[in-house]
Amino acid sequence: LVMDYKRKLLIKYSLEFIVIVVGISVTFWIDEWNRNRIEQIQHVKDIESIIDDLDNDSLVINRVNQSLDTGRLRTDRLINLIELKLDNKIGYNSYYKKIINIGYLWSYQTFFMTDATYKSLISNGRINLFPQEIHSMMNKYYEATAKRINDHNKIVDDIAIKYYTYYHPFSMLFTNENFRNNLFPDVRLGIRGGRLNFSDESLKKFDNYFKNNDIKKLYTGIGFYSNTINMNNRVGNYTRRIFELETERLKLSKSIHNYLKTLVKN
């Protein structure tokens, strides 16, 4: 009887032990499953946030490209006009009136990346949940490509500010009268042509400005020509940088969209 009793106790305690172990294991498994589920939900949200940021970058790139298209067209027109004047194929009055009609050459809008999500992923470590290939592409886009475009942004700003201040100062008067006339859309952005939108008072200011002897000397000198060519080259160079940027953005966006599709399927 004693042996039977001991055997029953052993069986009882063994079963209780097994139940406890299984219970703890199931609890750990449920906790792990729930953490993975929450982590996966957050990961999908992170992916969607990166996609939103890349889409926003696309909108900014489109605006920059519109500005570049205008800058390229207007600097080409101005260079051709200056060459006509240098070759004495056009009089000064006709020359400066055409400069007025060309208006503001380039608004030099520059690109700044939407990188809040990426920086958040870096700080909280969730960037490591992405596949290595996409992780590397994100690093390239948000680090190397961003630095390169930011460096060019500074060059663009410096050249444009110097050009408008020292070599094409009429642009400052043009901008001022643009604000005084409350023109909308802003004629500097190339949305619509400028001359007929200005008041008679503004147009008179433009004429008087170009009749000043110092201004005439500036606008008929070789410095205006060479620096306008430099401005044109900067527009072309920045256009190529933006094209490279958009290529990287499209590549990353496509990879992340495909990755999201695989997650949703699973």
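Asp-46 is buried, because its relative accessibility is 5% and the limit for a buried residue is under 20%. This value, like every other one here, was computed from a predicted model. The side chain of Asp-46 meets that of Arg-126 in a salt bridge, with N and O 2.7 Å apart. The two partners come from distant parts of the chain: Asp-46 belongs to helix α1, while Arg-126 sits in the loop between α3 (116-124) and α4 (132-167), and 80 residues separate them. Arg-126 has a relative accessibility of 25% and therefore counts as partly exposed. In general, side chains of opposite charge can pair when their charged atoms come close.

How many salt bridges does a search of the whole structure find? The search finds eleven. One of them joins Asp-151 and Lys-147, whose closest N and O atoms are 3.0 Å apart. These two residues are both in helix α4, and because they are four residues apart, about one helical turn separates them. Asp-151 is partly exposed, at 38% relative accessibility, whereas Lys-147 is exposed, with a relative accessible area of 54%.

Another salt bridge is formed by the side chains of Lys-251 and Glu-248, with a distance of 4.0 Å from N to O. Both residues lie in helix α8 (residues 222-265), where a spacing of three residues places them about one turn of the helix apart. Glu-248 counts as buried, with 14% relative accessibility, while Lys-251 is partly exposed, with a relative accessible area of 42%. The pair also takes part in a network of salt bridges that links Lys-140, Glu-248 and Lys-251.

The chain has eight helices and zero strands, so that, read from the N terminus, its elements run α-α-α-α-α-α-α-α. The radius of gyration of the chain is 33 Å, well over the 18 Å that the globule rule gives for 266 residues, and the chain is therefore more spread out than a compact globule. The dimensions of the C-alpha trace along its principal axes are about 130 × 35 × 30 Å. Of the 266 residues in the chain, 40% are buried.

Helix α1 covers residues 2-86 and includes Trp-29. Is Trp-29 buried or exposed? Trp-29 counts as exposed, because its relative accessibility is 57% and the limit for an exposed residue is over 50%. Arg-63 is another residue of helix α1, and it is partly exposed, with a relative accessible area of 45%. Between Arg-63 and Val-156 there are 93 residues of separation in sequence and 16 Å in space, taken from C-alpha to C-alpha.

Asn-88 lies in the loop between α1 and α2 (92-102), and its phi is near 55°, a positive value in a residue other than glycine. Asn-88 is exposed, with a relative accessible area of 64%. Tyr-108, in the loop between α2 and α3, likewise has a positive phi, of about 40°, although it is not a glycine.

The aromatic side chains complete this account. A pair of aromatic rings is described by the distance of the centres and the angle of the planes. By the rule that ring centres lie within 6.5 Å, the count comes to 21 aromatic pairs. In the pair made by Phe-210 and Tyr-219, the ring centres are 5.1 Å apart and the planes stand at 65°, so the pair is edge-to-face; the limit for this class is over 60 degrees. Both Phe-210 and Tyr-219 are buried.

Note on methods. Residues numbered from 1 in each chain as written. Predicted model: local features only at pLDDT ≥ 70, side-chain atom pairs only at ≥ 80, totals over all residues. Heavy atoms only, no water. Phe/Tyr/Trp six-rings, centres within 6.5 Å; stacked < 30°, edge-to-face > 60°. Buried < 20%, exposed > 50% of the residue type's maximum accessible area, 1.4 Å probe, protein only. Rg over C-alpha atoms; globule rule 2.2 N^0.38 Å.
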